[in-house]
Amino acid sequence: MATACSVGAENLRIATFHTDLTRDGPGLVYRDIRSGTDLQAEAVADVITAAGPDVILLTGIDWDHGLMALAALETRLAARGAGYAHLLALRPNSGMATGVDLDGDGRLGDARDAQGYGRFAGQDGMAILSRLPVAGDALRDFSPLLWRDLPGALIGAAGLSPEAAATQRLSTTGHWDVPLRLPGGGWLHLWAFAATPPVFDGPEDRNGRRNHDEVAFWLRYLDGALPQAPATAPFVIMGNANLDPADGEGRHEALRALLADPRLQDPAPQSMGAVLAAAAQGGANARQAGDPARDTADWPDTDNLGNRRVDYVLPSAGLRVTAAGVVWPEPGTALSATVARASRHRLVWVDLALP
């Protein structure tokens, strides 16, 4: 199991975790976390505590205006001796009403008519817990960017009406550039996102195209193709791409290009638990081309799903990676049942040598 780091030590641990802390209505995840009795929410806190990240991006967590749910989670972590001084969560596109029939089904106000799929404002958002100070005044939120305004976007054949194309944002959840102040001075930028699954659509492949472009956004940002140029400080791209580079549905070109980009490095975090899970479950896992050791999501082994690598932590090329891993314990170990209870996804972490 990973050994916890702390800011000020030689290494800085960066992590991402799709928590599945989403519920059927607003305020419910806050209620469950605050209660201290919800088994899934408590398992999420236990997994984060065991991994010991200094900075963690949480995806799949419901957002609220007062960050009450995030604060409640931090309280549960602090009770375990794993508190965080800095909390950040911006309103996500998921659940954001548009007043437009985005999915073209003739009805308004459905979950698929929101900027990102969601039955209420803030459902399935993302957040950051950090022991490093966050420079909020220098933060960049690219979530309002219209899909059609991304250079090279694949929106043209996505089957959107003119009104929908003029309304639809690129980000399902968000794209953020968050600067963190390092202990010895200088900055580390977190480039955070959570993309739509490239499924649940028709032959127009709307979600597949959007997923591709949500990943391709970072390539455009790196290339200087957007109005805002990235800072020269080191950065880490992190989050839930909802896409495996080798297996499953989706347009893999942008993700493969990102993983191979010389301006980045892919530490390829692994776990033995993922290897054993794929072997035991069989089914779709037996037909996959990717390395099961790198899987980060435990999905059903039927219906052409199977376990996949979909969560990523990709440091910029100038950073020195000292270790990396996926919190997927082997069956029968102390944390195994807790990890399975927490989420379908597994926490992914990378240790960086402080500049």
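**View 1. Packing of helix H2 against helix H3.** In this predicted model, helix H2 (residues 39-51) packs on helix H3 (residues 68-79) at an angle of about 55°, and the two axes lie 10 Å apart. This angle makes H2 oblique to H3, and H2 passes H3 in a right-handed crossing. Sorted by class, the contact of H2 with H3 comprises four nonpolar residues, one polar residue and two charged residues.

**View 2. Packing of helix H1 against helix H3.** Helix H1 (residues 28-35) and H3 pack with their axes 9 Å apart and at an angle of about 15°. Because angles under 35 degrees count as roughly parallel, H1 is described as roughly parallel to H3; the crossing in which H1 passes H3 is left-handed. H1 contributes Val29, Tyr30, Ile33 and Arg34 to the contact, while H3 contributes Met68, Ala69, Ala72, Leu73 and Arg76. Seven of the residues in the contact of H1 with H3 are nonpolar and two are charged, with no polar residue among them.

**View 3. Buried and exposed sides of helix H6.** Helix H6 (residues 253-260) has Ala254, Leu255, Leu258 and Leu259 as its buried residues. These residues lie on the same side of H6, because the arc that they cover around the axis is only 130°. Glu253 and Ala260, on the other side of H6, are exposed. The elements covering the buried residues of H6 include helix H5 (206-223), together with strand S8 (235-240) and strand S9 (311-315).

Technical notes
Residues are numbered from 1 along each chain as its sequence is written. This is a predicted model: local features need pLDDT of at least 70, side-chain atom pairs count only at pLDDT 80 or more; totals for chains, interfaces and linings use all residues. Side-chain values use heavy atoms; hydrogens and water are left out. Axes are lines fitted to C-alpha atoms, for helices over the stretch in contact, and angles run from 0 to 180 degrees between N-to-C directions. Helices (H or I, at least four residues) and strands (E, at least two) are DSSP runs, numbered from the N terminus. Angles under 35 degrees count as roughly parallel, over 145 as roughly antiparallel, 65 to 115 as roughly perpendicular and the rest as oblique. A crossing is left-handed if the near helix is turned anticlockwise from the far one by less than a right angle, and right-handed if clockwise. Ala, Val, Leu, Ile, Met, Phe, Trp, Tyr, Cys and Pro count as nonpolar, Asp, Glu, Lys and Arg as charged, and the others, Gly among them, as polar. Buried means under 20% relative accessible area, exposed over 50%, partly exposed in between (1.4 Å probe, protein chains only). The arc is that of the directions from the helix axis to the C-beta atoms. Contact means heavy atoms within 4.5 Å.
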